Amino acid sequence: MLTYEKDLWSAGLRLVAGVDEVGRGCLFGDVVAAAVVLPVGCAMDQLPGVDDSKKLTEKQREALLPLIAERAVAVGVGRVDAETVDAINIRQASRLAMKKAVKALGVTPDHLLVDAESVDVDTPQTAIIHGDALSLSIAAASIVAKVTRDRLCREWDALYPEYGIAGHKGYATKLHRERLLAFGASPMHRQSFLGKLFAAQLEQLELF
């Protein structure tokens with residue numbers, strides 16, 4: 001998981017940032033991105049357990065967050081809210097969140113390793129398909145983004161308890177769809193995501 005980083009370090013680059021986002025497929029809330037710069041020469045055993053956040057449990061991710069913060073040269077987080085997602089579309093919102101995360105690093109990276117996307121900054125970058133499973137820097141960023149958004153979901157759940165956000169994290173689960181039909185959309189739902197959802201639900205109801 002350090003092949004990309006080692007190649008860049010060998011070329012004399014010192015600030016290599018992994019970038020990833022979470023929440024792209026959600027019906028509710030912000031899309032959140034993170035950028036993480038690991039120190040030159042960082043080894044796998046210095047970040048034991050760091051992997052694609054989707055492969056880890058919530059407890060494992062929470063335990064790894066302080067380790068990443070301790071080991072990293074810099075960590076940045078970016079958020080884009082549901083209203084902006086509706087205004088510019090989810091892909092552009094994800095890219096904007098990544099840009100905000102890179103700008104929040106507090107250092108100017110020499111190169112970005114990005115999970116299957118491009119970031120609108122004047123920095124050389126490499127898009128890596130399944131990057132969170134192939135780059136330690138991107139994996140670390142995926143954990144930071146996921147933990148950050150999961151914590152936000154618990155806060156949002158207190159604001160809108162009728163939807164069960166803390167459990168499904170805003171994804172289109174059966175429970176979430178049922179609650180949407182029962183209560184309608186909240187101000188934090190992505191309106192641009194809901195049209196097809198409601199149409200499909202209504203079509204199913206008409207079949208009965």
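Predicted model: local features only at pLDDT ≥ 70, side-chain atom pairs only at ≥ 80, totals over all residues.
Show what surrounds H111: leaving aside residues up to four places away in sequence, H111 touches L8, L13, L15, V16, A17, T123, P124, Q125 and T126. Is H111 buried or exposed? H111 has 9% relative accessibility, so it counts as buried. The residue lies in strand β4.

**The sheet**

Now select β4, residues 111–115. Its pairing with β5 is parallel and runs over 4 bridges. Pick V114 next, and look across to A127 in β5, which stands opposite.

Which order do the strands take? Read them as β3-β2-β1-β4-β5. The sheet is open, has 5 strands and shows mixed pairing. Go to its edges: β3 (74–80) and β5 (125–128) stand there. Each has a single partner strand, so one side of each is left without a neighbour in the sheet. Turn the view to follow the twist, which averages 20° from one strand to the next.

**The cores**

Next, colour the largest nonpolar core, which has 41 residues. Select V36, L47, V50, I68, L136, I143 and W156: these have the most contacts inside it. Which elements each supply at least two residues of this core? They are α1 (3–10), β1 (16–22), β2 (31–37), α2 (58–71), α6 (136–159) and α9 (191–207). The largest share, 12 residues, comes from α6.

Zoom in on L136. Not counting residues up to four places away in sequence, L136 touches M1, L2, E5, L38, C42, M44, L47 and V50.

**The cysteines**

Finish with the cysteines. Select C42, one of the residues that L136 touches. C42 counts as buried because its relative accessibility is 3%. How many disulfides are there? With sulfur pairs required to lie within 2.5 Å, the count comes to 0 disulfides.

Definitions and conventions: Residues numbered from 1 in each chain as written. Heavy atoms only, no water. Buried < 20%, exposed > 50% of the residue type's maximum accessible area, 1.4 Å probe, protein only. Core = buried A, V, L, I, M, F, W, Y, C linked by side-chain atoms within 4.5 Å. Contact = heavy atoms within 4.5 Å. Pairing = 2+ DSSP bridges. Axes fitted to C-alpha atoms, helices over the stretch in contact; angles between N-to-C directions.
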